[in-house]
Amino acid sequence: MNLMTLENICKSYSEKTLLENISLGINEGEKIGIIGVNGTGKSTLLKIIAEAEVADSGTVTKANRVRIEYLPQNPDYNEDFTVLEQVFKGTSNEMKLLLQYQETLDKINKDFTDSLNTKLISLQEQIDALNLWDLESEAKMVLTKLGLSDFSKKIKELSGGQRKRVSLASALITPCELLILDEPTNHLDNDTIDYLEEYLNNRRGSLLMITHDRYFLDRVSNRIIELDKGRLFSYDGNYSNFLEKKMERLALESSMEEKRQNLIRTELAWVRRGAKARSTKQKARLQRFDYLTNQDDFSNDGKVDISVGSTRLGNKIIEIHNISKAFDDKILIKDLEYTLARTDRIGIIGKNGMGKSTLINILNGQLSPDAGHIEIGETVKIACFNQDDSHMHTQMRAIDYVKEISDYIETADGTKISASQMCERFLFNSTMQYTLIGKLSGGERRRLHLLRTLMAAPNVLLLDEPTNDLDIDTLNILEDYLDEFRGVVITVSHDRYFLDRICNKIFAYEGMGTIHVYTGNYSDYLIYKEVQGIEFEEAKKAKEDISTSKKEKPKSERKLKFTFNEQREFENIDSDIEKLEQKIEDLENSTSKFATDFVKLQEVIDKKAEAEKELEHKYERWEYLNNLAEEISNSKN
């Protein structure tokens, strides 16, 4: 079933054309990933599909009763809302009903009135009729999986990343036929991205998303759409299929371009011979020549070229001596000791809020450790590419922002080129170079910030979430650059592909400020942790077996009989099981009684879980005691 069709969509901003005669169909069950260089109009296309913007021309046709849920890069928030209230602030009737119910319940808790109680009962009946209680449970489950467990916390008390996750949870649980996500993996740690992958793979309905996470694209999408120079290309399959099919397309375009150039040379030779343009045939040849020379050349896809040189690195780089750092009572780094080697490519991983960026800021000199110290070699030249772009003055021109670092730079091959030429290599043409930073897209700003960082010719690169808002083409070239970079790289990243491609060591935050060092890339780390988990379980079982064998006497020496406690337990266990079964039944019946009081409902659910666990233990004891009683009886005969 076709959900939506776009025909001949055009969209421009000032003199910049983003979308030109774009046509696209979205079908039921499709999970579509949109990729392309920053500034090509990916987010604009999503906004048009989500009806948040209107195209300059073209038509958008949506099937009847198709509901769309859209998560933009920068969602709107009500700072006075709680987390749960913000989640329910959706556009669907179901979400509005749940929000109204939550607001009414809050009012009753503050000031009970008969009219509010009547309204609450009416809302309960509507929610019952639509079976929406499961939706609230799902909201709480999704929030917990996204790392948010305090549902009553105000939005204004949350960090930017936490706010984005609240909006993501709202988008995920809102009933819709087409879910649209713009960079959903930004600000998520690796464990949360794994959960999001699983959730979207199991979710019914269509999905349209922009993401730079190549593993995510590979595991979730079944169709890739590429925007390139105003054109749209569609590829069936995941990201791996896209790479194969794009190579085939580029090879075909390269062949066509070569033929076009040959035709131009032939026609040019004819024109230079001074042929008279009098006959219809001659005029047609001149028109053909004009057409060939004015065609767009698609053989050069305008990839970013990064070949900046680096400063020589001495023997002593950075030595970290037993540093610790805490904020209030929260320990972020505890007794970290490490000496950097020339070949180190370190990936820093861990859950959000554990202190990854804090470590980068300490290495960069922006923060001081509470204990310990850091020694930096004389030849070390550090440059940091971080998430914060607040230093970028929106009224400054792009070229002036780069020239603040240097007017000229020496490339890896020793050639000196100007800041303007470097901008050209980073896809900032002469017009864009004199564009105000405030008018650039988020991805274009990140690319400009990256250029400025590399223009400093560092030999130690600190990268804090470098993949956020960078398009895949720029990421590929950055990775190529880092392959050739003759220095140390330390990066905080949730991009698993990037960590696999770049890193040879992993700094893993594993609780209470403890940082463990693992050799290898991110996939090697996962394998090591899996093996470590298996070994731990095997060692634990072996220890338990040894402990049990030491405690037990050989059967030949053991006189079979109940201990005093076992005798009492054996006499009472049937009545104990009966009481527990009755308790669980009573708790089950009381869940409907507290359906509107979520605090008490959770208490009942917790008590029921405890009782069920205790009952399971009693069943195991019943079986053991009865077997023992039978053995005692047989031994007497």
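**A lysine and its surroundings**

Modeller: The side chains of K608 and E612 are joined by a polar contact of 2.9 Å, the term standing for a pair of N or O atoms within 3.5 Å, of which, within protein, one must be able to donate a hydrogen and the other to accept it, while residues adjacent in sequence count only if both atoms are side-chain atoms. Before going further, please note that this is a predicted model, in which local features need pLDDT of at least 70 and side-chain atom pairs count only at pLDDT 80 or more, whereas totals for chains, interfaces and linings use all residues. Residues are numbered from 1 along each chain as its sequence is written, and side-chain values use heavy atoms, with hydrogens and water left out.

K608 belongs to helix α20, which covers residues 598-636; helices (H or I, at least four residues) and strands (E, at least two) are DSSP runs, numbered from the N terminus. With a relative accessible area of 17%, K608 is buried, because buried means under 20% relative accessible area, exposed means over 50%, and partly exposed covers what lies in between (1.4 Å probe, protein chains only). If neighbours within four places in sequence are left aside, K608 is in contact with I584, L587 and E588, contact meaning heavy atoms within 4.5 Å.

K145 has its place in helix α5, residues 133-145, and counts as partly exposed at 47% relative accessibility.

As a background to both, the chain holds 20 helices and 20 strands, and 44% of its 637 residues count as buried. Among contacts with a separation of 6 or more, residues 24 or more positions apart account for 67%.

Turning to the strands, six of them form an open sheet with mixed pairing, in the order β5-β6-β7-β3-β8-β9, where two strands pair if DSSP finds at least two bridges between them. Since β5 (68-71) and β9 (231-236) stand at the edges with a single partner strand each, one side of each is left without a neighbour in the sheet. From one strand to the next the twist averages 15°; axes are lines fitted to C-alpha atoms, and the angles run from 0 to 180 degrees between N-to-C directions.

Within this sheet, β3 (residues 31-35) pairs in the parallel sense with β7 (residues 206-210) over four bridges, and β3 also pairs in the parallel sense with β8, again over four bridges. β8 and β9 run antiparallel and are joined by six bridges, with R231 in β9 as the bridge partner of D228. Their hairpin has two residues between the strands, and K229 takes a positive phi near 55° there.

The last topic is the rings. The structure holds nine aromatic pairs; rings of Phe, Tyr and Trp (its six-membered ring) pair if their centres lie within 6.5 Å, and planes under 30 degrees apart count as stacked, over 60 as edge-to-face and the rest as tilted. The rings of Y518 and Y525 form an edge-to-face pair, because their centres are 5.1 Å apart and their planes stand at 70°, and both residues are buried. Together with Y522 and Y528 they form one aromatic cluster.

Y518 lies in strand β20 (residues 515-519) and has 8% relative accessibility. Its side chain makes a polar contact of 2.7 Å with the side chain of E510, and, not counting residues up to four places away in sequence, the residues it touches include N504, K505, I506 and Q532.

Charges also sit over rings in two places: the charged end of R447 is over the ring of F428, 5.3 Å from its centre, and R452 lies over the face of Y401, at 4.4 Å from the ring centre. A charge counts in this way if NZ of Lys or CZ of Arg is within 6 Å of the ring centre and within 35 degrees of the ring normal.
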